[in-house]
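Subject: Structure handover and findings

Dear colleague,

Please find below the structure that I am handing over to you. My findings follow it, and I would be grateful if you read them with the model open.

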Amino acid sequence: MIALRRPLAAACVALLAACGGDGTGPVAGSLKVNFTTPNNGHDAAVLLLLTAPAPPVGATGGAGLTVWGTPFSSTTTKLVVTGTLSTGTILTLEVDDVNKVGQYTVSVQSVAADSAGGYLPRGLSSYSASITK
């Protein structure tokens, strides 16, 4: 009986190691929303439309920026980022799987400049946004 225990134990260990997976499961973490503007430092608000495979866990604005929007409960969400906007990362999303970065999309819906009388709408032809790890 003892002679069978060792080979059986070795087979169980080998089987468990084979079933351990390849480490490609969900990886929670952060994704960056990058913004491109032709008016560095002269835009004050951007409305973004975010589409995701699952609602993000949270969102944080870049340095000096504020994020406005409803709690994430859907895979499609509108967010407003305000502050002095420049080309670069304006928003960080906390997600349940950063490996799904290719399934996230973001589009610029509206941009406004800050003026003495309030926000002034801008044309959208030179603006863009993207999502990266």
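Two strands are taken to pair if DSSP finds at least two bridges between them. On that basis strand β1 (residues 29–36) and strand β6 (residues 88–95) are paired, with 7 bridges joining them in the antiparallel sense. Within this pair, Asn 34 has Thr 89 of β6 as its bridge partner.

Please note that this is a predicted model. The average pLDDT of the protein is 87, and 83% of the residues score at least 70. Over residues 11–21, however, the pLDDT is below 50, and beyond near neighbours in sequence this stretch has 0 contacts in the model. Where pLDDT is low, the predicted coordinates should not be read in detail.

Overall composition

The protein has 1 helix and 9 strands. From the N terminus on, the order of elements is α-β-β-β-β-β-β-β-β-β. Of the 133 residues, 29% are buried. Among contacts between residues at least 6 apart in sequence, 75% join residues at least 24 apart.

The four-stranded sheet

The pair β1 and β6 belongs to an open sheet of 4 strands, ordered β3-β6-β1-β9, with antiparallel pairing. The edges are held by β3 (58–61) and β9 (128–132); each has a single partner strand, so one side of each is left without a neighbour in the sheet. From one strand to the next, the twist averages 25°.

The five-stranded sheet

A further open sheet has 5 strands in the order β4-β5-β2-β7-β8, and its pairing is antiparallel. Here β4 (66–69) and β8 are the edge strands; because each has a single partner strand, one side of each lacks a neighbour in the sheet. Neighbouring strands of this sheet are turned by 30° against each other on average, direction ignored.

Within this sheet, strand β2 (residues 43–51) pairs with strand β7 (residues 105–115) over 7 bridges, in the antiparallel sense. Leu 49 stands opposite Ser 107 in β7. Strand β7 is also joined to strand β8 (residues 118–121), by 4 bridges and again antiparallel.

Leu 48 in strand β2

Leu 48 is found in strand β2. Is this residue buried or exposed? With a relative accessibility of 1%, Leu 48 counts as buried, since the cut-off for that class is under 20%. Leaving aside neighbours within four places in sequence, the contacts of Leu 48 include Thr 77, Leu 79 and Val 81, as well as Val 106, Ser 107 and Val 108. Val 33, Ile 90, Leu 91 and Ala 129 are also among the residues in contact with Leu 48. Thr 77 is 29 residues from Leu 48 in sequence, and their C-alpha atoms are 8.2 Å apart in space.

Thr 82 in strand β5

Thr 82 lies in strand β5 (residues 76–85). Its relative accessible area is 15%, so Thr 82 is classed as buried. The side chain of Thr 82 makes a polar contact with the side chain of Trp 68, at 3.0 Å. Beyond neighbours within four places in sequence, Thr 82 is in contact with Ala 44, Ala 45, Gly 64, Leu 65, Thr 66, Trp 68 and Tyr 119.

The salt bridge

How many salt bridges does a search of the whole structure find? The search finds 1. Side chains of opposite charge can pair when their charged atoms come close. The salt bridge is formed by Arg 122 and Asp 43, whose closest N and O atoms are 2.6 Å apart. This pair links distant parts of the chain: Arg 122 is in the loop between β8 and β9 and Asp 43 is in strand β2, 79 residues apart. As for accessibility, Asp 43 is buried, with a relative accessible area of 2%, whereas Arg 122 counts as partly exposed at 28% relative accessibility.

With kind regards

Conventions:
Residues numbered from 1 in each chain as written. Predicted model: local features only at pLDDT ≥ 70, side-chain atom pairs only at ≥ 80, totals over all residues. Heavy atoms only, no water. Helix = DSSP H or I, 4+ residues; strand = E, 2+ residues; numbered from the N terminus. Axes fitted to C-alpha atoms, helices over the stretch in contact; angles between N-to-C directions. Salt bridge = Lys/Arg side-chain N within 4 Å of Asp/Glu carboxyl O. Buried < 20%, exposed > 50% of the residue type's maximum accessible area, 1.4 Å probe, protein only. Polar contact = N/O pair within 3.5 Å; in protein donor to acceptor, adjacent residues only side chain to side chain. Contact = heavy atoms within 4.5 Å. pLDDT = per-residue confidence, 0-100.
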